[in-house]
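Biologist: Could you take me through one part of this model up close? I'd like to hear about a loop and whatever surrounds it, in one go.

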Amino acid sequence: MLANQTKAPTVAAVIQEHIDLLVRPSVGTVHTYQTMLKLHIADVIGHIPVDKLDYRHLTY
C-alpha cells in the first residue's frame, strides 16, 4: 500500500536511531527499548516512512 517513494527514514529507523543515541543508557533500558521496537512497532508501523505516518496508522 505504501510505496517508499520518499527519502524520509522509516518509523523503525528513527526509533532505532533514538535508541542508539541514548546517553549512557543501562543495558536493561536498551534491551527493553529494543524489545518494544521488535514486538510492538517494527511489524506494525516500522516500515512506514515518518513523513507518511498519520493518525490512521495509530488508531486502528
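Modeller: Let's start with Pro49, which sits in the loop between H2 and helix H3 (55-58). Helices here are DSSP runs of H or I with at least four residues, strands are runs of E with at least two, and both are numbered from the N terminus. Before going further, a word on the ground rules: this is a predicted model, so local features need pLDDT of at least 70 and side-chain atom pairs count only at pLDDT 80 or more, while totals for chains, interfaces and linings use all residues. Residues are numbered from 1 along each chain as its sequence is written, and side-chain values use heavy atoms, with hydrogens and water left out.

Back to Pro49: its relative accessibility is 2%, so it counts as buried. The scale is under 20% relative accessible area for buried, over 50% for exposed and partly exposed in between, with a 1.4 Å probe and protein chains only.

What does Pro49 touch? One partner is Thr10, whose contacts, leaving aside neighbours within four places in sequence, are Gly46, His47, Ile48, Pro49 and Val50; contact means heavy atoms within 4.5 Å. Thr10 itself belongs to the segment before H1. Its side chain also reaches the backbone oxygen of Gly46 at 3.4 Å.

Setting aside neighbours within four places in sequence, Val14 is in contact with Pro9 and Val50. Val14 is partly exposed, at 33% relative accessible area, and its C-alpha atom is 14 Å from that of Met36, 22 residues away along the chain.

Val44 is in the loop between H2 and H3 too. It is partly exposed, with a relative accessible area of 34%. Its C-alpha atom and that of Ala12 are 9.8 Å apart, although 32 residues separate them along the chain.

The axes of H1 (residues 11-20) and H2 (residues 27-42) come within 10 Å and cross at roughly 175°; axes are lines fitted to C-alpha atoms, for helices over the stretch in contact, and angles run from 0 to 180 degrees between N-to-C directions. H1 and H2 are therefore roughly antiparallel to each other, a label for angles over 145 degrees, with under 35 being roughly parallel, 65 to 115 roughly perpendicular and the rest oblique. On the H1 side, Val11, Ala12, Ile15, Gln16, His18 and Ile19 meet Val30, Tyr33, Gln34, Leu37 and Ile41 of H2. Those residues divide into eight nonpolar, three polar and no charged.

Arg24 is in the loop joining that pair, between H1 and H2. Its phi is near 50°, a positive value in a residue other than glycine, and Arg24 is exposed, with a relative accessible area of 80%.

To set all this in the whole protein: there are three helices and zero strands, and 18% of the 60 residues count as buried. Of the contacts with a separation of 6 or more, 63% come from residues 24 or more positions apart.

Technical notes
Ala, Val, Leu, Ile, Met, Phe, Trp, Tyr, Cys and Pro count as nonpolar, Asp, Glu, Lys and Arg as charged, and the others, Gly among them, as polar. A polar contact is a pair of N or O atoms within 3.5 Å; within protein, one must be able to donate a hydrogen and the other to accept it, and residues adjacent in sequence count only if both atoms are side-chain atoms.
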